[in-house]
Amino acid sequence: MGRKKAQVDTKPSAKKPNQNRLSSAERSALFARRESAKVLRTILQGDARRQAVGSIKSLVYSPSVRNKRATYALVCQTLKYLPVIKDVFHTANVLSSKWKRQEELMYIILYDILFGQEALLAGDAEKFLLQKKDVLQAALAKLLVRKKVKHVSDLMTSYKISDLPKPRYARVNTLKMDVESALVEFKKQYEGKASSMVAVALGPKPRWEVIDACAAPGNKTVHLAALMKGNGKIIACELNKERVKRLKDTVELAGATNVEVKHEDFLNMSPEDPAYSKVQAILLDPSCSGSGTVVDRLDHLLPSYTAESDVNRLEKLAAFQRKALEHALSFPAVERIVYSTCSINQVENEDVIKSVLPLASSYGFELTTIFPQWPRRGHPIFDGCQHVLRTDLIEDQEGFFIALFVRKGVSPPGKHIRDVGNTLRAVQRRKMRKINSFFLLRTLGLLL
């Protein structure tokens, strides 16, 4: 049985004699390191069990984390440097059993000492490592020699750790403001362009009833609400209790009053239930490997990440994805179903679509082309692969897959999709002339 780890303190003790002398910046940094350590512990423990509680972003943006921006940056950077940090600690051998029980906090602080904001270090754990600074820097120097490199940047390359740049995109929450007004308000977070294409591909109309089958954290849910102009009804399902909280926060922040959040497994929702007899569209964006969003998720930096270990996980994910899509196809009044992933893996994308084609046909569904002018389509492993859409991890900076099923006899989206696509491109061109990077106003709920 493994040794239990001590809880990471999230609040500095009021009994410490020097606490009242901390500057506001030092106090903020102190809290951020401890909040980051809690998030990092959750990530690493979930990774060790191969049962992730959520993505880094969803964990950081939970209501319990106060300093979200600093926490997100610290967690991401510490994960990026984690192989180096672990090797430095191993070489220096400075941690007593007391501090080993708080190893995530030690990782965070060592990142700041070696690569971050040493000037803002305050607290007992920080003081302990600062006293060992010479030994830790000597261990880093030995590591550089052992790896036969001169600079830390070269060391990162030797660990095959990349720092891919990513352009910034945003989607305006039209439930609260128009695009032109938003241009002067851009701040903080961003949303990927490809993820904004999913709700548009579904093309829900005002007054429709729609199911968002795997809704958390809720960005696509509130995009559906905006496309429906706040009318109709969206049933947003989420199985995980913690992610339900995040979903509710997103919906409330966006002002999406036509969304009903359900803490329920989509697979347990009966198509024969009269409550769903009027559902006309389903958006299915199930759990996936996230291989198309490596810049955001940093899954490739987790200790368990290897090509071999990922195969078994992909097979399990694909089985769930296929089952969820088969279930969506069985709702009797549904006219349109979008299946999407943020994965570049064929097993989660074309393979899933190919496996359900006979069932889809038996229910009267067929694949329909979305965004006809988009150049990147599906892998040619089945007839109709040209209807599905891919975004490229290199060309588009993120890898997404989108497929649209339409029940035969229902008018295709055609002009609606083209008009929305042309609007998105026109807005993007205007933004590019005015600003160089794009950020979201999460604090006011104006942008999502």
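## Surface and overall composition

The model is a predicted one. Of the 448 residues in the chain, 51% are buried.

The secondary structure consists of 16 helices and eight strands. Among contacts in the chain with a separation of 6 or more, 74% are made by residues 24 or more positions apart.

## Nonpolar cores

In soluble globular proteins, nonpolar side chains tend to be buried together. In this chain the largest nonpolar core comprises 49 residues. Val84, Val88, Phe89, Met106 and Leu129 have the most contacts inside this core. Two or more residues each come from α1 (24-49), α2 (56-60), α3 (68-92), α5 (103-115), α6 (124-131), α7 (133-146) and α8 (152-158). Helix α3 gives the largest share, 12 residues.

The surroundings of Val88 can be given in detail. When its neighbours within four places in sequence are left aside, Val88 is in contact with Leu110, Leu114, Leu136, Ala139, Leu140 and Leu143.

## Strand β8 and its two faces

Strand β8 spans residues 401-407 and is mostly covered, with seven of its seven residues buried. In a regular strand the side chains alternate between the two faces of the sheet. In β8, Phe401, Ala403, Phe405 and Arg407 point one way, while Ile402, Leu404 and Val406 point the other way. The residues of both sets are buried, Arg407 among them.

## Pairing partners of β8

Which strand pairs with β8 over six bridges? This is strand β5 (residues 336-341), and the pairing is antiparallel. Within the β5 pairing, Arg336 stands opposite Val406 of β8.

Strand β6 (residues 365-368) also runs antiparallel to β8, and four bridges join the two. Here Leu367 is placed opposite Phe405 in β8. Strand β7 (residues 389-390) pairs with β8 in the antiparallel sense as well, over two bridges. In that pairing, Leu389 stands opposite Ile402 of β8.

Technical notes. Residues are numbered from 1 along each chain as its sequence is written. This is a predicted model: local features need pLDDT of at least 70, side-chain atom pairs count only at pLDDT 80 or more; totals for chains, interfaces and linings use all residues. Side-chain values use heavy atoms; hydrogens and water are left out. Buried means under 20% relative accessible area, exposed over 50%, partly exposed in between (1.4 Å probe, protein chains only). Two strands pair if DSSP finds at least two bridges between them. Contact means heavy atoms within 4.5 Å. A nonpolar core is a set of buried Ala, Val, Leu, Ile, Met, Phe, Trp, Tyr and Cys residues joined through side-chain atoms within 4.5 Å.
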